[in-house]
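Biologist: Hello! Could you walk me through this structure, one step at a time?

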Amino acid sequence: MSVIYDNLATVTEQIAIAARAVGRLPADIKLLAVSKTFPPEDVRTAYNWGQRAFGENYVQEGVEKIFALSDLRSNIEWHFIGPIQSNKSRDVAENFDWVHSIDRLKIAQRLNDQRPASLAPLNVCIQVNISGEATKSGVQEADLLDLCLAIISMPKLRLRGLMSIPEPTSNGQEQKKAHHDLFTMLNRLKSQLSTQASLVNLDTLSMGMSSDMASAIAEGSTMVRVGTAIFGKRNYL
Ligand SMILES: *Cc1c(COP(=O)(O)O)cnc(C)c1O
């Protein structure tokens, strides 16, 4: 038996416990297995356990992994969750099913233009700079509505929700506040965009990682992005 199997079982159980603790259904929280830095064989192991959604941070590494696992392509959902440089957007548009890290109009436009007509629209989340630090990527709340409206008008993108990477902290109150803030922002957006309800289904709150999963679920996360707790410690990043 693989340690990855054990870890997936443990994480799945932790998600269920965190969900039930606040009266949510475990099935309403999707597990995204973050496989960055780990080889294709580890993804295959997780796949054999039953995991179907995987997240990658680096374009080239992600694309190589998708190719290496091309026999599984139609059964895997590949999510891009890292920073996107303009000159890499085509690889993202052509190879992934989801992008969580849209943080500016230019990138959204490029992904829309470069998404092949033969593929379904790219599912996208906007990354919000929740802690408000100038150095971190993510849009500021003040710019969020305009970016959403622009994306809604793009035929090859499907706006699904918001994503955040809060400042790491072991302080439970700070974790909770960051998660709650994103939940509040998504709800505000839903009401601001209610007249466009036929065009958007904002069903995704991508928040929570190995160390803050339970808090994120308590505050409404619908997708947790978990790397370390499944695949083990990374040697870089
Ligand atoms: C690496 C990464 C994760 C997973 O983090 P862990 O702490 O290993 O669970 C989640 N989201 C993003 C954006 C990441 O870059």
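Modeller: Gladly! A pocket here is an open set of grid points where a 1.4 Å probe fits, with protein on both sides within 12 Å along at least five of seven lines. Please keep in mind that this model is predicted.

Biologist: What volume does the largest pocket have?

Modeller: A volume is the space filled by probe spheres set on the grid points. For the largest pocket, that comes to about 490 Å³.

Biologist: Which residues that line the largest pocket are closest to its centre?

Modeller: The lining counts 21 residues. They divide into eight nonpolar, nine polar and four charged. Closest to the centre are Lys-36, Asn-57, Ile-165, Met-209 and Arg-234.

Biologist: Where does the ligand sit?

Modeller: To sit in a pocket, a molecule needs more than half of its atoms within 2 Å of the grid points. The ligand sits in the largest pocket.

Biologist: Which residues around the ligand come nearest?

Modeller: There are 13 residues around the ligand. This shell divides into six nonpolar, four polar and three charged. Those that come nearest are Lys-36, Ser-210, Gly-227, Thr-228 and Arg-234.

Biologist: How much of the ligand's exposed area does the protein bury?

Modeller: Let's start with side chains: a polar atom of Lys-36 lies 2.7 Å from a ligand oxygen, and one of Asn-57 lies 3.0 Å from a ligand oxygen. For Ser-210, a polar side-chain atom lies 2.5 Å from an oxygen atom of the ligand. Taken alone, the ligand exposes 390 Å², and the share of that buried by the protein is 91%.

Key
Residues are numbered from 1 along each chain as its sequence is written. This is a predicted model: local features need pLDDT of at least 70, side-chain atom pairs count only at pLDDT 80 or more; totals for chains, interfaces and linings use all residues. Side-chain values use heavy atoms; hydrogens and water are left out. A residue is near a molecule or strand if one of its heavy atoms lies within 4 Å of it. A polar contact is a pair of N or O atoms within 3.5 Å; within protein, one must be able to donate a hydrogen and the other to accept it, and residues adjacent in sequence count only if both atoms are side-chain atoms. Accessible areas come from the Shrake-Rupley method with a 1.4 Å probe; for residues, only the protein chains shown count as cover. On a 1 Å grid over the protein atoms alone, a cavity is a set of points where a 1.4 Å probe fits but cannot get out, and a pocket is an open set with protein on both sides within 12 Å along at least five of seven lines; lining residues have an atom within 4 Å of a point. Ala, Val, Leu, Ile, Met, Phe, Trp, Tyr, Cys and Pro count as nonpolar, Asp, Glu, Lys and Arg as charged, and the others, Gly among them, as polar.
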